[in-house]
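Reader: Please take me closely through one part of this structure. Start with the chain as a whole, then move to the strands.

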Number of protein chains: 4
Amino acid sequence: MTTKRIAVLTSGGDAPGMNACIRAIVVASEGAGHTVIGFEHGFHGLLAPNWRKLDSKKVHNIIQRGGTILRSARCEEFKQDSAAKNAAKHLSELAIDAILILGGDGSFRGAKHLSKFWDGQVIGLPATIDNDIYGTDTTIGYYTAIQTAMDSIDKVRDTADAFERIFLVEVMGRHAGFLGAKAAISGAANYAILPELFTDPDETLNDIHQQLSIHRKRYGHESFIIVLTENLWPEGINTLAEKLENLTGGEVRPVILGHVQRGGSPVSQDRILATTLGVEAVRCVEQGKHCIMVGQQNLEPAEVPLEQTWETKKVFSDSLTRTMKTMLNERHSWDLTK
Amino acid sequence: MTTKRIAVLTSGGDAPGMNACIRAIVVASEGAGHTVIGFEHGFHGLLAPNWRKLDSKKVHNIIQRGGTILRSARCEEFKQDSAAKNAAKHLSELAIDAILILGGDGSFRGAKHLSKFWDGQVIGLPATIDNDIYGTDTTIGYYTAIQTAMDSIDKVRDTADAFERIFLVEVMGRHAGFLGAKAAISGAANYAILPELFTDPDETLNDIHQQLSIHRKRYGHESFIIVLTENLWPEGINTLAEKLENLTGGEVRPVILGHVQRGGSPVSQDRILATTLGVEAVRCVEQGKHCIMVGQQNLEPAEVPLEQTWETKKVFSDSLTRTMKTMLNERHSWDLTK
Amino acid sequence: MTTKRIAVLTSGGDAPGMNACIRAIVVASEGAGHTVIGFEHGFHGLLAPNWRKLDSKKVHNIIQRGGTILRSARCEEFKQDSAAKNAAKHLSELAIDAILILGGDGSFRGAKHLSKFWDGQVIGLPATIDNDIYGTDTTIGYYTAIQTAMDSIDKVRDTADAFERIFLVEVMGRHAGFLGAKAAISGAANYAILPELFTDPDETLNDIHQQLSIHRKRYGHESFIIVLTENLWPEGINTLAEKLENLTGGEVRPVILGHVQRGGSPVSQDRILATTLGVEAVRCVEQGKHCIMVGQQNLEPAEVPLEQTWETKKVFSDSLTRTMKTMLNERHSWDLTK
Amino acid sequence: MTTKRIAVLTSGGDAPGMNACIRAIVVASEGAGHTVIGFEHGFHGLLAPNWRKLDSKKVHNIIQRGGTILRSARCEEFKQDSAAKNAAKHLSELAIDAILILGGDGSFRGAKHLSKFWDGQVIGLPATIDNDIYGTDTTIGYYTAIQTAMDSIDKVRDTADAFERIFLVEVMGRHAGFLGAKAAISGAANYAILPELFTDPDETLNDIHQQLSIHRKRYGHESFIIVLTENLWPEGINTLAEKLENLTGGEVRPVILGHVQRGGSPVSQDRILATTLGVEAVRCVEQGKHCIMVGQQNLEPAEVPLEQTWETKKVFSDSLTRTMKTMLNERHSWDLTK
């Protein structure tokens, strides 16, 4: 087998597990005799160029660290042809055979853009807490973000129960409800306002009102937790809190989880996914693959054309929808046999 | 020894460790032959009255739970004499010898108010995440809140480092900086805006600006975390974030930790403090003590007259001030020998 | 839809998430008008009989608790026909339509045995930290046990690095290496001795010796962590530690994680799996299913005949084997293109 | 103020918080213009010599890491005069003014030994999970070890409750019961066998037997957790487990927490203590202090002659003894008024 020169970079919002993936790429490569270099600050590093050599020793003891040792950034400039050509030039000068790009759909668009001007192998690895990438069951960072959001909801429930109060918890997700759905289920929330299940504000308010009344009868107390995906409620979480206070006559406290959800030591599932995808990506390099994302479907690796990852919309599985409707939003009237 | 009838209630903002304290009170009492009843929803439970008998079995496996099994509430109504008289009547009817009240200074004022109309033993136990109670080194819930805030700052640092960004983290504390100071030190924050160290907004902004410049030279990167106590910055955290953006020319992201800080399984130090104070409170009941708070000073129990707990202001120890100034706010110019 | 009377019990080794599953069964059932009763102490509860009615209120705030509110037990006695007949009699007397049994393969054999003498619906739900159940990608409790084992390995690595020492960590798994494999990958262990990859002791010792030598060259230090599945090394972990000390001339410290792996608040993935399977099990009851296990394959529910769950052996996926060989046991010589 | 050259090393068993302390020493020193170098592998580093320069950048983002970036070791050789003379020679050659030694009593004996042959400032900082150092209320690492042991006991309780079984949990502590006492209180254990409260095996077994019988009556179940300090029971934990099985007729499961207790990200209290002591130690250097340990008493720094730290035995506070006897070992007969 010919050994290759492999580049790696992390781009877009950082996600826990990026370091675990970098480590796997380096260890797998080194075991096979490949060389690995890392570009810093995402696509900016390709333009500077700003890079350093990576080896096993340098990635020892990083599997447990959040963030990314290669730093990340968003890079508007890279949308221009001139930037991508410049990057291609640097990659050629460094004699790179393949570049592995960890990030979300914005990063994959950048990867595709680069591939128009560079004939090396371009391979994407899905890393975003939002899980909004088609072609992979889950993305690196998603598991940890669920756990972080769930831990926060667990804590909120303690005080919600103590005071019998309504709480509104805003989670990330950009325009997708995956994180919100899983956080709501695992946190035993009572309602979830998610892009996938949202119709309009008034209907939602009515539905919450109805559920609150059923809830009080069933549980004999007022503690009620609503999970809300960011960027969804027309005028924001504080407006929603006010509307709910008017509706219920009680206090409604908003909690915005914010950037805390991006960080933290990756949970085991993110480390395993990141390590697995890192190994598979090196394998794809060896097999000469090009312009794909390496994801995971049904516990086995899946190769997906880059553009498909953002062109096809990822949707809730039937089972996830059913669980949501049974445990949360429609459980007062839901017929499971349907 | 005569056995007694002991009442317990939790009042004000809930704090992790309240359940551990209730458990200790019940187990210690039962071992000595006393009877324990718990009033629900704070002082409201005294007025209803709304109570239930507690025994060891009922408090099994609650030491690790946040919130309070007795529920809590704020009770404006209790400030009136008529309410306190009503409570006194119910305590007499139930033949209660002593009442143990867990909470912060508002709860202790309520306790003192009750003692004017009832001649049983009134004993306070300090439970608040704010640690703003004079006469005790720490309060039940404070340790867990520090840990929660620190965990969040650790997570924020991951993403701050990845993006080399300035983050602003708002922690609770009401009007005291204890939580902010400990969260900032343990979270390795770079600056803290706390009531105890605050002068005026402009001076603070200038100081941050100066420190940022030293920081960049020393560390070679831009990641910088500022901890802010709630209720302190004149126009709120978002205004401060904008001002810092103008000042630095970079992005500044605000994170409000919020009610998450009130909940969670109590950390070991809170469970130990809560258990110790619960045992000591039962001992005080047996010794006929009245109108005191049972706190802890220098690892030993301390009895403090109730009114002293709010009349005297609790301040930073010399060592805490020195650590703050060395590791955070003035470290560029601080002379430790002073 | 006809409403039904549904029984539930937990059997065999307890697994984190059992409570989350009980909660989902109760909430989903109540929403559809079914009645739920819980038998206590596993199959013993069917024999006593020892049961209680469950409703939403009783399962509030249990999603986050390890163990099982219904208690568990192993029940040798239930292997006899007379015991199963006795259980069938009690189920008929209580007019139960369906029984949901949470546990591992021993519990499912018990379930099958019961079905010979009772014509109600018998449905199994996979709950064991060992993940050794065919027909479901993962089992309830497996995710939490991986996280617990990984957290311990993370801690061991701190001290292994500080002292540059070899550590041997024994994890559970009964006779399967799933837990060991995932703990080793996520904990960044350096070697794993698992049933699925084990040949014989001497060959293993030689292989470790060889890897240690490569490791020292590559990393420049001696810290090395080996994960071992319980019940595998012929004379136990202490004997292996001694052999390794003789082989390497350095100290080798054994750590047995033990029963700690069974407990703890379930991680988000276990709560989600448990909730999803609970909902699907109620759906299967409504659809009249019988003598099946409800598991999960490829993120969708899967119904598997009970006897198949233990008759077919569950094996490592190709990707898991590849990751293991690349990151751990054979990485010095592994050719990914094979 | 004259700037100084300060050396630092970590010695003996590693303790979480050592890195936080190294960071504080470096940041505080750099702020005042001092130079810091770190010796590697404890006293071995003084002999090699093996050292590197430390600055703020090198200690960024280590506050949260367990272990020690300077590595640690035990060094029998250093007991000899020739070794200490050799170390003194190296310190003089490097023009070191002061050396800060983090560790336990063995390390402090080494520090004292060094001071006989070197006239620079020798200052100890208490870092051991055992807390067995006189002159300081707590030691760096102790808080995290309590939390780790408590977390494990919480997990064991889940399975103990589910199976109604007796568990025996062995914690570290060398020859002191501080860790065991705090782990037992915070973990809500039912009994503790600690050096400070131990009389003889037979009496202990009788006492446990008696308490078990009271426990069953009071709680109506068999779940019972006993904490045992290592090195205490004459023939080890497995022998004790057997004896308890004979005594009770039920299963008794031993769990040895082991080296897991040494690692992990330091909890907030350890980071705060470590940071505070690091700052105070630099202050002591500036003040010309010599041959002392810098500890903490009553929330303020305390300077203690080195030899006093091991010559005087540290004992349980009255309050700790009372809490232990009320909540654990003698609660069936304890009279709090004594």
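Author: Start with charge in chain A. Its 36 positive and 41 negative charges have mean positions 5 Å apart. Lys and Arg count as positive, Asp and Glu as negative, while His and the chain ends are left out. Each charge is placed at NZ of Lys, CZ of Arg, CG of Asp or CD of Glu.

Some ground rules. This is a predicted model, where local features need pLDDT of at least 70 and side-chain atom pairs count only at pLDDT 80 or more, though totals for chains, interfaces and linings use all residues; side-chain values use heavy atoms, without hydrogens and water. Residues are numbered from 1 along each chain as its sequence is written, with chains lettered from A and ligands numbered from 1 in the order in which they are written.

Chain A has 11 helices and 11 strands. Both are DSSP runs, numbered from the N terminus: helices are H or I with at least four residues, strands are E with at least two. Chain A is as compact as a globular protein of its length, because its radius of gyration is 22 Å, close to the 20 Å that the globule rule gives for 338 residues. That radius is taken over C-alpha atoms, and the rule is 2.2 Å times the number of residues to the power 0.38. The C-alpha trace of chain A spans about 70 × 35 × 35 Å along its principal axes. Of its 338 residues, 67% are buried. Buried means under 20% relative accessible area, exposed over 50%, and partly exposed in between, with a 1.4 Å probe and protein chains only.

Two strands pair if DSSP finds at least two bridges between them. Strand 5 of chain B (residues 121-126) runs parallel to strand 10, joined by 2 bridges. In one of these, B:Ile123 has B:Ile292 as its partner. Strand 11 of chain B (residues 300-305) runs antiparallel to strand 10, with 6 bridges. Here B:Val294 stands opposite B:Glu303. Strands 10 and 11 of chain B form a hairpin with 2 residues between them. In that turn, B:Asn298 has a positive phi of about 55°.

Finish in chain D. Strand 1 (residues 5-10) has 5 of its 6 residues buried. Strand 1 of chain D runs parallel to strand 2 (residues 35-39), and 4 bridges join them. D:Arg5 stands opposite D:Thr35 there.
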